[in-house]
Amino acid sequence: MKQGSEDVFEKVMDLAKRRGFIWPTSECYGAVAGFIDYGPLGAMMKRRVENIWRHFYVLQEGYYEIECPTIAQEAVFIASGHVAGFADKMCQCPHCKEFLRADHVADGGGVKNPSVMQNEELSLELASCRCLACEEILGKVEVFQFNLMFSTTIGPGSQRTGYLRPETAQGMFVDFTRLLRFYRDKLPFGAVQIGKSYRNEISPRQGMIRLREFTQAEAEIFVHPSCKNSHPMFRRYADYTMPLLTYVRQEQCEPPVSMSMREAVEKGIIANEYVAYYVALTHQLLVQTGIKPDRLRFRQHLPEERAHYATDCWDAEVFSGRFGWVETVGIADRTDYDLRAHGDASGTPMTVFIQYDEPKKVPRRRIIPNMSVLGRQYRTKAKAIFTALESATPGPSGVCVEVDGEKIQIPPDLFEIRDEIVDVRGEDIVPHVIEPSYGIDRMCYAVLEQAYDEDTADGETRIVMRLLPQIAPVQVAVLPLMARDDMDLIAGEITRTLHKSGILAEYDDSGAIGRRYRRQDEIGTPFAITVDYETRENNSVTLRERDTMKQVRIPITKLPETVGALLTGNIMFSSLVH
Ligand code: GAP
C-alpha cells in the first residue's frame with residue numbers, strides 16, 4: 001500500500017480503535033484532546049517497544065533503570081529553568097477563539113524561523129496568516145508565552161507547589177549524588193528511565209504525535225568533560241553508516257549525506273564520539289522496532305534552534321504519510337548545565353572527585369597568622385579573622401578582611417606568607433551529560449503507520465499489519481480447523497504449552513478458518529498454527545507465516561522451540577519451507 005497517501009493516518013487509527021490498539025480516553029464523557037488509552041493490543045505492543053529499548057540501554061549499555069515520581073516540588077523546576085522558560089508562543093484566533101501555537105500558524109503561513117522571533121515581531125507576521133482551525137485570516141493578534149507544565153499542590157492547604165514532570169530527565173539529575181555512589185564514584189555511568197511525562201500542549205490535534213500525557217524513555221549518560229571524544233566502545237558503531245542532515249546542508253537546502261560515525265566525528269560534523277555513538281545506536285534501535293531505514297533520517301539542530309545549554313543536538317525523524325518528518329528521538333550533549341544548576345540551587349555539590357594517576361606538585365601560598373598577637377588584639381573576632389586570612393591575597397600594606405560587615409586592615413607583621421609545593425591527589429569536576437531521549441508513543445505510531453498494508457488474498461482485499469515478530473502483540477494464533485473431533489482439545493493443549501514457554505498464543509475457534517486468518521493478519525500476528533484432521537494421525541500441525549501466507553507442516557513437539565526461534569529472529573520462516 002502507498003504509505004505516502006494522506007489517508008494512511010485515518011486507516012491506521014480506524015484499525016487501532018476497532019481492534020484495540022489505541023482509542024480516545026474517557027470517550028463516554030467526550031474525549032479530551034492530547035490523551036489516549038492503549039487498548040489490550042496497544043499496551044502489549046508498547047511494552048514490547050519499551051523492551052527493545054531496555055535491551056539496548058539496560059543490557060547492552062549496562063545502565064540500570066530507575067523510577068522517580070512524576071510529580072516534583074517547584075524547586076526542581078526552578079533550578080532546571082522550566083518554571084521560567086518552558087513555554088510555547090501562543091495566540092488566540094479573534095474569529096473562532098481557538099488557542100493556537102504561534103509557530104505552527106507561522107509555519108502554515110510560510111513565515112521563516114518563527115521560533116527565533118520576539119513576540120511583537122511574530123504577531124506582525126501572523127496578521128496575514130490563516131487560523132489553523134477556522135482558516136480565516138487572523139489579522140491583529142497578540143502573541144504571548146504559555147508555560148507547558150501542569151501545576152498542582154502537594155498536600156492539603158495548597159502550601160507547596162508541585163509540577164507534573166515535563167521530562168523524566170530531571171529525576172535522574174537530582175539523584176546524581178546517589179547514582180554516583182551506586183556506580184562507585186566512577187565516570188562514565190548512565191541512568192535510564194521509562195515513564196510518563198506531561199505537557200499542557202496548546203493545541204494537540206495530531207493523534208499520538210502530540211499528547212499531553214506521553215511516555216518518554218530517557219538515558220542520562222554522565223561523562224568526564226574531557227573524555228567526550230573517547231567513548232570506550234566507539235568501535236561498535238564507528239563504521240555504522242547512515243544519512244545525516246547536517247545543519248550546514250539544511251542551510252544550503254541540500255539532502256542528507258550518508259557517512260560513517262567515525263567520519264562524522266573526524267570531520268567535526270557530530271560534536272563528539274558519545275553523541276555519534278548514541279546517534280548510531282538509536283538508528284539501530286528504531287530499525288529493530290520496524291521503522292524502515294528509508295523513512296528515517298537524523299537531523300542536526302540549527303544553531304538558533306538548539307537549547308542554550310546544548311552544544312550539539314540531533315533529532316531522529318521518522319517520515320509519516322500524514323505528518324511529514326516527525327521528531328521521534330532527540331540526542332543532545334547537555335554539557336554540565338543541569339548538574340551545575342541543581343548543585344547551585346540545592347547547595348549539594350554535583351561533582352565527581354577525579355584522582356590523578358600521580359599526585360601533582362602544585363605551588364601554594366599559605367598565610368600563617370600570628371595567633372597570639374591577633375588573639376590578644378581582636379579577641380572575639382580573632383577566629384573569623386584567621387578564617388578570612390586563609391583565602392585573602394595580601395598586598396604590601398597587609399590584608400583587608402571583612403568580618404561581620406566590618407572591614408579590618410591587618411598589617412603585614414601580624415602574619416607570615418609561606419610559599420610551598422603541595423601534593424594534589426585529584427580534582428572535583430562537574431560531569432557533562434549526553435542525553436538520548438525517546439518518545440515511545442511517537443515510536444508506536446510510526447511502527448503502526450509503517451506496518452499498515454493492504455494486499456489481496458483469495459481474491460479479496462486483505463488488511464495486514466506487517467509488525468515485526470518482536471513487536472507484534474499476539475505472537476502466534478492457534479486455530480483448530482473445526483471446534484470438534486478433538487481438534488479444539490489439541491489446539492487448547494498447544495496454546496497452554498506455548499504459554500508455558502513464555503509465548504503469547506491466542507486460541508480462536510470462531511468462524512471460518514479464512515476469516516480467522518484475516519483477523520490475525522489485521523492485528524499483526526506473525527504466525528498461525530492450524531490443527532487439522534492430519535494432526536490426529538501424525539501429531540503435526542501447519543504453521544503459517546502472515547506476510548507470505550505460506551504454510552509448512554511441523555511436529556507439535558517442535559512448536560515451542562520453532563516458534564520461539566522465529567519470534568526472536570534466530571531462524572527465518574523461509575528456512576523452514578522446503
Ligand atoms: N529531556 C529532553 C526532552 O524531553 P524533547 O525533545 O522535548 O526532549 C523528547 O522530548 C522526545 O519526547 C521527543 O523527541 C518526542 O518523541 C517526545 N515528545 C515530546 N513532546 C511530546 C508530546 N507532546 N507528545 C508525544 N511525545 C512527545
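Predicted model: local features only at pLDDT ≥ 70, side-chain atom pairs only at ≥ 80, totals over all residues.
Close-up 1. The side chain of Glu 218 places an N or O atom 2.4 Å from a nitrogen atom of the ligand. In the side chain of Glu 167, an N or O atom is 2.6 Å from a nitrogen atom of the ligand. Ile 209 takes part through its backbone, with an N or O atom 3.3 Å from a ligand nitrogen atom. The ligand, which exposes 560 Å² when taken alone, has 89% of that area buried by the protein.

**Close-up 2. The shell of residues around the ligand.** Of the 18 residues in this shell, those that come nearest are Glu 167, Arg 199, Leu 211, Glu 218 and Glu 327. By class, the shell holds 9 charged, 5 polar and 4 nonpolar residues. Two or more residues each are given by strand S11 (213-223), strand S16 (324-335) and strand S21 (432-439). The largest share, 5 residues, belongs to S16.

**Close-up 3. Packing of helix H2 against helix H11.** H2 spans residues 40-60 and H11 spans residues 273-289. Their axes lie 10 Å apart, at an angle of about 145°, and the crossing is right-handed. From H2, the contact is made by Val 49, Ile 52, Trp 53, Phe 56, Tyr 57 and Gln 60. H11 contributes Tyr 277, Tyr 278, Leu 281, Thr 282, Gln 284, Leu 285, Gln 288 and Thr 289. The residues of this contact comprise 9 nonpolar and 5 polar, with no charged residue.

Conventions
Residues numbered from 1 in each chain as written. Heavy atoms only, no water. Near = heavy atom within 4 Å. Polar contact = N/O pair within 3.5 Å; in protein donor to acceptor, adjacent residues only side chain to side chain. Areas by Shrake-Rupley, 256 points an atom, 1.4 Å probe, with all protein chains shown as cover. Helix = DSSP H or I, 4+ residues; strand = E, 2+ residues; numbered from the N terminus. Nonpolar A, V, L, I, M, F, W, Y, C, P; charged D, E, K, R; others polar. Axes fitted to C-alpha atoms, helices over the stretch in contact; angles between N-to-C directions. Left-handed = near helix turned anticlockwise from the far one by under 90°. Contact = heavy atoms within 4.5 Å.
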